[in-house]
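Colleague: I have never looked at this one before, so please take me through it step by step.

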Amino acid sequence: MPIFSRGFHGHRRDDVDPARVPPGQYVTNGFPVLSAGPTPRPHLADWSFTIQGAVDRVVTWSWDEFHELPTETFTLDIHCVTKWTKLDTTWTGVSVDTLLEHARPSAGFVTAYADGNYTTNLTLDDITGGKAWIVDTFDGVPLEAEHGGPARMLVPHLYFWKSAKWVRGLNVTPTDEPGFWETNGYNNHGDPWLEQRYWGD
Amino acid sequence: MTEPSVARAPIVWREATVRETIDENAHARTLVFDVPGWQGHLAGQHVDVRLTAEDGYVAERSYSIASAPKDPLSLTIERLDDGEVSPYLSEELRQGDALELRGPIGGFFTWRVEDGGPLLLIGGGSGLVPLMSMLRHHRAEQSAIDVRLLLSARTADDILFRHELDALEGVSVSYTLTRSWPDDWTGFQRRIDADMLEAVAPAPSARPHTFVCGPTPFVESAANLLVSLGHEPRSIRAERFGPTGG
């Protein structure tokens, strides 16, 4: 039996399909910024992306090499644990499947690591099969630094903290190693449709 | 499926009853709650609030905790005029009303006296709220840790908790007003810049614990300035919010 809030009516949006909004989320037209510290601003000449750890071959791409990889452009919805959902966001980037083909992982867990000492953990299953990308373009223009540029992870089926901003690589690990928010009160998996926001959800 | 390696107790929804409401200024109201079963919190944490309309429609939002860890739980809500939840919380909700909340949430933007100092707090507008919890904690523990607060607000009337801030002992409180100021104003009169931070903050070599909270452009600017002044990026903890439907 929920507690009803006397006098509360809310702002229902008739322009939004409720089936696209996970429980506890609301749709925003803006693009809020969430990050735990200052925004890193690396020089592109120093930028690289590496897949390492439990892999057949450690692979590193420079910024230019990364841009020789095939890209995909796609439109999908994103969900932040702080309650906002943004519909129909358009990104361009490289599929994680494409990157992993070069490295061939030999274990089932991944830590995405990023500038600013950020990490987040994922299972290989959660980032393969067309479910994750490394993106550098949002709405047709280079991704802004405060939104994770020059490049960020994009794992749209999980809460957005899993989509590591300023990502610089993936470390494949034989065991699950909770990352930054996952050791600071947030759920290890983060499925918005199951409302896995916090520890114990 | 993956599960955390350590069992974590679920953060359950609890019924919270409004014990008291306090109007802070024209835009902000403090709600003090009785929450049976509440386990306490750390300064800087937040809660999720859930409202349910009579037809079952539900809205959830997150709000920073304003109270010190050992005091009754209080939230200070700034009204966003086109918001869905904040106008209800800051205008409609009355003493004795109940809602659901769960928490405390967040293990990074937190400070305890045991964490040490010096402590540098930089707030923009209602971004003061989680910093206020830290200041109240510092006061309640009678801590001698060096604390500096720099608060940016549009006008003097927009400064939350002004009397309480002015009465804090052993805390250096600096204000800057960005839109207008009284004739007798002695504080800063501009947006936060490098000179202001240098005047207010401990030297980078003192390795302050720094917390910055406010709207995104404010936090971006303050955090970037601190880094450019030589503060260690890892020592700067940021919490950003935007007018996104509140």
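Predicted model: local features only at pLDDT ≥ 70, side-chain atom pairs only at ≥ 80, totals over all residues.

**Strands, chains and bridges**

Colleague: Which residue is the bridge partner of A:Phe49 in E3(A)?

Modeller: The bridge partner of A:Phe49 there is A:Trp61. Residues are numbered from 1 along each chain as its sequence is written, and chains are lettered from A and ligands numbered from 1 in the order in which they are written.

Colleague: And how many bridges hold E2 and E3 of chain A, and in which sense do they pair?

Modeller: Strand E2 (residues 48–53) and strand E3 (residues 59–62) of chain A pair in the antiparallel sense over 4 bridges, where two strands count as paired if DSSP finds at least two bridges between them. They form a hairpin with 5 residues between them. E2(A) is also joined by 4 bridges to E11(A), and those two run parallel; there, A:Gly53 has A:Val172 of E11(A) as its bridge partner.

Colleague: What else is E11(A) joined to?

Modeller: Strand E11 (residues 167–173) of chain A is joined by 6 bridges to E6(A), running antiparallel, with A:Phe109 opposite A:Thr173. Strand E6 (residues 109–114) of chain A in turn pairs with strand E7 (residues 118–123) of chain A, antiparallel and over 6 bridges. The hairpin of E6(A) and E7(A) has 3 residues between the strands, and A:Gly116 in this hairpin takes a positive phi near 85 degrees.

Colleague: Switching to chain B, what is the order of the sheet of 6 strands?

Modeller: That open sheet of chain B has the order E4-E3-E6-E1-E2-E5, with antiparallel pairing. E4 and strand E5 (74–78) of chain B stand at its edges with a single partner strand each, so one side of each is left without a neighbour in the sheet. On average, neighbouring strands are turned by 40 degrees against each other, direction ignored; the axes behind such angles are lines fitted to C-alpha atoms (for helices, over the stretch in contact), and angles between N-to-C directions run from 0 to 180 degrees.

Colleague: What about the parallel sheet of 5 strands, which order does it have?

Modeller: The open parallel sheet of chain B runs E9-E8-E7-E10-E11, and its edge strands, strand E9 (171–177) and E11, pair on one side only. Its twist averages 10 degrees from one strand to the next. H5(B) packs on this sheet, touching E7, strand E8 (147–153), E10 and E11 of chain B, and the direction of H5(B) makes about 150 degrees with that of E10(B).

Colleague: Now the interface: how many residues of each chain are in contact?

Modeller: Chain B has 52 residues in contact (heavy atoms within 4.5 Å) with 42 residues of chain A. The area buried between the two chains is about 4100 Å², of which carbon and sulfur atoms give 52%; buried area is the accessible area, taken with a 1.4 Å probe, that two parts lose on being put together, summed over both.

Colleague: How many salt bridges does the rule find across it?

Modeller: It finds 8 salt bridges between chain B and chain A, the rule being a side-chain nitrogen of Lys or Arg within 4 Å of a carboxyl oxygen of Asp or Glu. One of the salt bridges is between the side chains of B:Glu60 and A:Arg197, at 3.9 Å from N to O.

Colleague: And inside chain A, which residue does A:Asp88 form a salt bridge with?

Modeller: A:Asp88 forms one with A:Arg20, and their closest N and O atoms are 2.7 Å apart. This pair links distant parts of the chain, 68 residues apart, with A:Asp88 in strand E5 (residues 84–95) of chain A and A:Arg20 in the segment before strand E1 (26–27) of chain A. A:Asp88 also has a phi near 55 degrees, a positive value in a residue other than glycine.

Notes. Heavy atoms only, no water.
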